[in-house]
Amino acid sequence: MGGILVMSRGGRHAYGALCALAAGALVLTGCSKGGSDTGTNDKKDQQNAKSQQAPIKFGNAADSTGPAAPVPGAKSGGALEVLARDSYAHLDPAQIYVQDQMAMAQLIHRGLTGYKATSDDGHQHEVVGDLATDSGTTTDGGRTWKYTLKDGVKFADGTPITSADVRQSVERLFAPFITQGPSYLQQWLANTSGTGYRKLLPDGPYKGKHLPDSVLSTPDAKTVVFHFAKPHPDLPYTLAMAGYAVVSAKGDTQQKYDKNPVTTGPYKIQSFQSGKSMVLVRNPNWDPRTDPIRHQYVDRFNITFNQQYETSTKALLADSGPDRTGVSFSNQVDAGNLSRVLADPKLKSRTVSGYQPYVGQMNINMSKPEMKDIRVREAIAYALPISPFVRAYGGSDAMEVAGGIISPTVSGYDPAFDPFGKKKNPGGDPAKAKKLLQEAGKVGMKLTFGYINTNEGQQYSTAMAAGLSKAGFNVQRQEIPSETYYDQVSKLNNNYDIFHSAWGADWPSALTVIPPSFDGRQIADGAANYSQVNDTHVNSEIDRISAITDPVKAAAEWEKLDKYLLTKVVNVVPTGYYKQVQIAGSGVGGFVYDDVIGGMDPRRVFIK
Amino acid sequence: MLRFLVRRIIGAVVILFLLSIVAFLLFFGVPRDPALLMCGKTCNPDSIANIHHVLGLDKPITEQYWIFLHNLVLGSGQFAQGPCPAPCFGYSYHTDEQVWGTLMDRLPTTVSLTLGAAACFLLVGLGTGLLAAWRRGSLVDKTATAGAMVVSALQIYFLGPLALAVLVYQTHWFDKPAYTPITQNPVSWFGGLVIPWVVLSTIFAAQYTRMARSSMIEQLQEEHVRTARAKGMSRAYVFFRYAWRGSLIPIVTIFGIDLGSLFGGAIITEYTFGLPGLGNLAVQAVNFSDLPLLLGVMLFSASMILLFNIIVDAAYAFIDPRVRLS
């Protein structure tokens, strides 16, 4: 039946759309549907994981010089059809913080830095200067960072990009209407946490006030210098986020910029019909000699919105008409078709797969008195079966059993780290758990398990509860509607002992994983420290490691802290590393899964 | 007639007013905060408070409701995004677009879908129903009744993907469903909507078949029909001239309600076929806790239902001379 009477049906799809928000904000645990478990674990993914342990290099001027190395076999011309689920709510870079918008932004926006793929398989990257001549220079351990703009960089309207535009781009981040983007840079410049940074420049640059030279200086038209009170060695990563791409000072229309931005990338917006479609065409003012990251192979991208995963998968599988040259930047192969696609070598050859940035974890609510005993927490960790979780998401092609909380796409990941033996035995170890519970004298204790009422949540929570019961817990499952799930579990006085959440890194450093989730000074309603852990050693290590300027050393130290958390604190039990499979029409070339984008790479595609 | 219309319109406004209050209370009653969706990774009470402030959610509910009513009737120049003439539902939390503009932008899709489907299901449904009643007890009747029974048990979320798989992806007989404005290209408009029309109307047609048949049979048993036949009028004349008009009353009632709710957005059909209409907009509004959009879609859909109810009631007078409006 059509009509308003069936409104309630909408709820079934609610978690689907919410996942689009996941990259930036709270990652929902219901991003793909359950399905078969026939897929085999791809060796390539594991090799990929290994390669990811090496931290990403910060490139110099030579690394940052365009043009990008050509994609083998690439041809110019043709139109690419793009099927997208959600319309892009934001085109203003400062408001972009979700994966699908960030993927599209790769084509139209450029920032001071960016990730250059150094291999054709999407696994190897380095951070290079994008609009800047290099990834940034610091002489005082990350307190002062200097960037120089390249010669010949222009906006799509033909005006040159100057340091005044960069200043405008930074200062407008403080204006009240910018609510959606990342806030790392603002907090670092203001030397504060939370939203206190807005006090530094309450109206942004719009009422004649500007950031003082002691914070941001632009001594000439080409030079930009950031000054921080504390060292922030991760800045080159940070500035590569779409949220920090450059905005035109002259063309800054404030709120209206969100629908009609002045772009800088190889493509410009020919038309954007919110909720319907978008057309990107070549930007003649983009000079490939200034861009070491992007290509401009296809003539245009025709993007159509409202295409659910099932629809886009079926259309691309059918491979006829315009869909022959079709892709989806962010849709995955839906769980219903996944096993069929992977079983057929011809169809499989049109797919790419890889990791999403998210790591699933079962939080143990540290504010509960019953959870104060580490033996109880260890018993939960050993007893919790992970296999139901993997099965609920469609098997090993969609979910990989996790070891630590640092994911395979983040520097420092240790594939050998498996604190609770889950990689070897994903079914859990109820015998060991029971022993721990006996030692604690808590056999039969009540354990409230809040679970999300998505298909997946229903499925895995039942089996997980059974596994915990085997170890001697009296598990009480409590359903939480998916629409309000994170509202409920992020409340400090929630009454759940355990509940699941997922977290994605903003850049390949654990700085964007461990501090937001495990800093005991960040416990607040709505904040991301869901387990409410407050460990003095963890807190002081966060401060110490955040200031390490050498990314290699920092990555190793973060991994040590990951190990400390999971062996000495045990406030979470890692469940899975989220993965996905994407498909393209047979006429699409250069179809590669990019680990940093967390999806196919729109910059490399061409029409065969 | 005029008095009838005035009375009904006042009634409709009161219903809409009450509905908006209920919607407001429900929205704030659910433990779900739109700010949390926008809050980002380093979310904390400060940043939530800032978003509340930007969205105006930090004001008391009664004040927010008053502002909503005020803007709806008089418009507003207070929005940072720009002016908002009446009827102003404000700007969407999620997309920052004017809600009324978005509604008007999506309406043509929904209207195209509804009118095409309604034409299909009325023609097929009433035709089959009348035929079944005319040949009551025959094989035609039994087939039509049984067929209608089976088809009305189907659902769009089953029939839609099936039609797509067979008619579009396997046989390539039809275009992939898409919406092109009729003013831009009438051929693509038609081609892109054929499958949604067929799927949506199949299920409605089955119901109209059953309804038309039973209503017709009931009418044929009425005494005035028997009298007419007894007076020597031909079966066909009585059937179409007497019984048919009487049988339309319940059908028009249901049709009015169906049409009204379809104009408010055929949620599942639009979602299944990826059509950018009001139904898809409703789903989006719920998913993103988008209060202004939610109120906009809801009140617009409700107005459609109320409007068509009034039209139906007015239409009775024309169909059935026994009905007097005042």
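Which strands of chain A do the buried residues of α3(A) pack against? Let me start there, after some ground rules.

This is a predicted model: local features need pLDDT of at least 70, side-chain atom pairs count only at pLDDT 80 or more, and totals for chains, interfaces and linings use all residues. Residues are numbered from 1 along each chain as its sequence is written, with chains lettered from A and ligands numbered from 1 in the order in which they are written.

Back to the helix. The buried residues of α3(A) pack against β8 (267–273), β9 (277–282), β10 (300–304) and β20 (599–600) of chain A. Helices here are DSSP runs of H or I, at least four residues, and strands are runs of E, at least two, numbered from the N terminus. α3 of chain A spans residues 99–108 and is mostly covered, with 10 of its 10 residues buried. Buried means 20 or more other C-beta atoms within 10 Å of the residue's own; exposed means 12 or fewer; partly exposed is in between; C-beta atoms are placed from the backbone. Among the buried ones are Gln99(A), Asp100(A), Met102(A) and Ile108(A).

Next, a sheet. In chain A, 6 strands form an open sheet, in the order β13-β17-β12-β16-β14-β15, with mixed pairing. Its edge strands are β13 (399–401) and β15 (474–480), and each pairs on one side only. From one strand to the next, the twist averages 35°. For pairing, DSSP must find at least two bridges between two strands. β13(A) pairs with β17 (residues 572–583) of chain A in the antiparallel sense, over 3 bridges. In that pair, Val401(A) stands opposite Gly576(A).

A helix covers part of this. α13 (residues 455–470) of chain A lies across β14 (446–452) and β15, and runs at about 165° to β14(A). Axes are lines fitted to C-alpha atoms, for helices over the stretch in contact, and angles run from 0 to 180 degrees between N-to-C directions.

Now the interface. In all, 53 residues of chain B are in contact with 56 residues of chain A. Contact means C-beta atoms, placed from the backbone, within 7 Å. On the side of chain B that touches chain A, α3(B) gives the most, with 7 residues. That side divides into 28 nonpolar, 17 polar and 8 charged residues. Nonpolar covers Ala, Val, Leu, Ile, Met, Phe, Trp, Tyr, Cys and Pro; charged covers Asp, Glu, Lys and Arg; the others, Gly among them, are polar.

Inside chain B, α5(B) and α8(B) pack at an angle of about 35°, axes 5 Å apart. Their contact has 22 nonpolar, 7 polar and 2 charged residues.

Last, the backbone. A cis peptide bond joins Gly66(A) and Pro67(A), with omega about -5°. Pro67(A) lies in the loop between β1 (57–58) and β2 (79–83) of chain A. Chain B has a cis bond joining Ala86(B) and Pro87(B), with omega about -5°. Pro87(B) lies in the loop between α4 (61–74) and α5 (99–134) of chain B.

Where does Val570(A) sit? Its place is the loop between α17 (551–569) and β17 of chain A. Phi of Val570(A) is near 55°, positive in a residue other than glycine. Val570(A) is buried, with 24 other C-beta atoms within 10 Å. Phi of Ser289(B) is near 50°, again positive in a residue other than glycine. Ser289(B) lies in the loop between α12 and α13 (291–319) of chain B.

Notes
Contact = placed C-beta atoms within 7 Å.
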